[in-house]
There are 2 protein chains.
Amino acid sequence: MSARPNRKKAAAPAASEDIFDLIGKSENIREASAAMQAMAHPLRLKILCLVGNQELSVLEIVEAVGTTQSNISQHLAVLRDQGILQARKEANKVFYRIEDPRILKIIAITREIFCSF
Amino acid sequence: MSARPNRKKAAAPAASEDIFDLIGKSENIREASAAMQAMAHPLRLKILCLVGNQELSVLEIVEAVGTTQSNISQHLAVLRDQGILQARKEANKVFYRIEDPRILKIIAITREIFCSF
DNA sequence: GATTTATATTAGTCAAGCCTAATATTGACG
DNA sequence: CGTCAATATTAGGCTTGACTAATATAAATC
């Protein structure tokens, strides 16, 4: 077991810019990175798992997640600004949901991978 | 359009601990969060996309990604410590690969979602 | 219109993450 | 054994992120 198994072609082109055309534009990387970074925080991930395909008010999220209202509000803002969560205001309350099916898919797979059920 | 559409049951149990049994143990959240956080950095995401299901040496990664060797080495260490990348040393060189099919799946889906091809 | 309820915003502090530069390790080869 | 090549590690400064506490907005209710 010393002969470098499983090696495919190296994909190391002369100009280092070419790589972007193979693995995606750097813009794509930025975008994906930003979205993942927004989702990766433990509280925000908990919020996303909690919301799922429902629609929850801020208060419900605060009570379920268990931290300050201010803290939750700031995390919701991050997710909202990234376009991951959508907000709907009704009278006094604001309801959050995940509109983008791609986000739902990512969360579903994350669950599938990291949770036992 | 004012009557709160798409609302399912609120999933807001009395004891706030119960939530963990519904959306996953807090341990799962931590684990998933850590893995996502490791993958979310733009350079690290680029590394992961570049490696894919190949096996690349550090030098190849450095040249393709385009930053300092030290910088790459540190990012590789983060991914290695998280168990996302596996290293194999052969003589002078170290080859990195993604062993876990779950990680490959996440990357594939991330690509599918954020890249146009 | 004053108070209460629900949410958002701001400011300040503290910790964490990232990059650069320099140095250390490890193996190959003369 | 000394040098080169490949990779890893450490230290330093700097920027960013997160939480707390306090304050602001906005709508409902009395």
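A residue is buried if 20 or more other C-beta atoms lie within 10 Å of its own, exposed if 12 or fewer, and partly exposed in between, with C-beta atoms placed from the backbone. Keep that in mind for B:Glu112. B:Glu112 is exposed, because it has 11 other C-beta atoms within 10 Å. B:Glu112 sits in helix α6 of chain B, residues 101–114. Helices here are DSSP runs of H or I with at least four residues, strands are runs of E with at least two, and both are numbered from the N terminus. From B:Glu112 to B:Pro101 is eleven residues in sequence and 16 Å in space, C-alpha to C-alpha.

Some ground rules. This is a predicted model, in which local features need pLDDT of at least 70 and side-chain atom pairs count only at pLDDT 80 or more, while totals for chains, interfaces and linings use all residues. Residues are numbered from 1 along each chain as its sequence is written, with chains lettered from A and ligands numbered from 1 in the order in which they are written.

Now confidence. pLDDT is the predictor's confidence in each residue, from 0 to 100. For chain A the mean is 81, and 77% of residues reach 70 or more. Residues 1–23 of chain A stay under 50, and the model has 24 contacts for them beyond four places in sequence. A contact means two C-beta atoms, placed from the backbone, within 7 Å. Where pLDDT is low, the predicted coordinates should not be read in detail.

Next, the DNA. The largest share, six residues, comes from α5(B). By type, the surface has eight nonpolar residues, twelve polar and one charged.

A:Ala91 lies in the loop between β2 (86–90) and β3 (93–97) of chain A. A:Ala91 is not a glycine, yet has a positive phi of about 55°. Is A:Ala91 buried or exposed? Exposed, because 6 other C-beta atoms lie within 10 Å.

Chain B has B:Ala91 in the loop between β2 and β3. B:Ala91 takes a positive phi near 55° in that hairpin, which has two residues between the strands. B:Ala91 counts as exposed because it has 6 C-beta neighbours inside 10 Å.

On to the strands of chain B. Strands pair if DSSP finds at least two bridges between them. β2(B), residues 86–90, and β3(B) pair antiparallel over five bridges. B:Gln86 bridges to B:Arg97, and B:Arg88 to B:Phe95. β1(B), residues 55–57, also pairs antiparallel with β3(B), over three bridges. There, B:Ser57 stands opposite B:Phe95.

Last, the core. A nonpolar core is a set of buried Ala, Val, Leu, Ile, Met, Phe, Trp, Tyr and Cys residues joined through C-beta atoms within 7 Å. The largest has 58 residues, and A:Met39, A:Ile61 and B:Met39 have the most contacts inside it. Not counting residues up to four places away in sequence, B:Met39 touches A:Met36, B:Arg44, B:Leu45, B:Leu48 and B:Ile84.

Notes
Nonpolar A, V, L, I, M, F, W, Y, C, P; charged D, E, K, R; others polar.
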